[in-house]
Amino acid sequence: MNGRIMMLGPVGHGKTSLIQLLEEHEQTYNKTQDIIYSHSFIDTPGEFVQHRHFNVALQVTSQDAKMLCFVLDARCKEQIYAPGYAQSFNKPVFGVITHIDIATEEDLRNADLELLKAGSTRNYHVSTVTGEGLDELKKFLAEVE
């Protein structure tokens with residue numbers, strides 16, 4: 001991959017698990033405490049999205065990224081990303097909806113709508129438990145290489 005993808009999303013929505021699966025690393029469940037650069041990704045703490053006073057850190061870090069991925073747990077009932085939030089980064093943005101193995105169809109529709117309102121150009125539905133949707137996401141990531 002030519003350039004890293006910066007992962008944004010609240011605590012517990014699956015950013016780190018998704019990165020570990022995509023990079024074929026052992027699944028370890030540790031809370032991301034700071035910004036972590038890997039070969040293909042930039043993993044950001046969930047608090048940076050949840051508390052807007054950290055937004056400047058996301059803005060600065062995004063300059064090291066080729067594109068951004070907004071991660072959202074399908075079951076989330078609150079608005080995480082403000083409408084048009086993607087425009088503040090001046091980078092392409094796509095979305096990944098996680099926890100699809102335990103979400104309802106209504107949950108998936110609502111999550112898709114939330115990410116599209118935030119500025120995602122396309123969304124992928126993924127389960128980090130079952131691996132469902134992972135092949136489609138990997139195919140997209142290979143195309144944007």
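**View 1. Strands β5 and β6 side by side.** Over three bridges, strand β5 (residues 93–98) pairs with β6 in the parallel sense. Two strands count as paired if DSSP finds at least two bridges between them; strands (E, at least two residues) and helices (H or I, at least four) are DSSP runs numbered from the N terminus. Look for Ile-97, whose bridge partner in β6 is His-125. This is a predicted model, in which local features need pLDDT of at least 70 and side-chain atom pairs count only at pLDDT 80 or more, while totals for chains, interfaces and linings use all residues. Residues are numbered from 1 along each chain as its sequence is written, and side-chain values use heavy atoms, with hydrogens and water left out.

**View 2. The whole sheet.** Here the open sheet can be followed through its six strands, in the order β2-β3-β1-β4-β5-β6, with mixed pairing. At the edges are β2 (36–37) and β6 (123–125), each pairing on one side only.

**View 3. Helices against the sheet.** Helix α1 (residues 15–22) packs on the sheet and touches β1 (4–8), β3 (41–43), β4 (65–73) and β5; contact means heavy atoms within 4.5 Å. The direction of α1 makes about 155 degrees with that of β3. Helix α4 (residues 105–118) lies across β4, β5 and β6 and runs at about 160 degrees to β5. Axes are lines fitted to C-alpha atoms, for helices over the stretch in contact, and angles run from 0 to 180 degrees between N-to-C directions.

**View 4. Arg-75 meets Asp-73.** Three salt bridges turn up in a search of the whole structure, each being a side-chain nitrogen of Lys or Arg within 4 Å of a carboxyl oxygen of Asp or Glu. One of them joins Arg-75 and Asp-73, at 2.6 Å from N to O. Arg-75 is partly exposed at 35% relative accessible area, whereas Asp-73 is buried at 7% (buried is under 20%, exposed over 50%, partly exposed in between; 1.4 Å probe, protein chains only).

**View 5. Lys-77 reaches helix α4.** The closest N and O atoms of the Lys-77 and Asp-107 salt bridge are 2.5 Å apart. Lys-77 sits in the loop between β4 and β5 and Asp-107 in helix α4, so this pair ties together parts 30 residues apart in sequence. Lys-77 is exposed, at 67%, while Asp-107 is buried, at 7%.

View 6. Glu-114 and Lys-117 form a salt bridge, with their closest N and O atoms 3.2 Å apart. About one helical turn separates these two residues, because they are three residues apart in α4. Lys-117 is partly exposed, with a relative accessible area of 40%.
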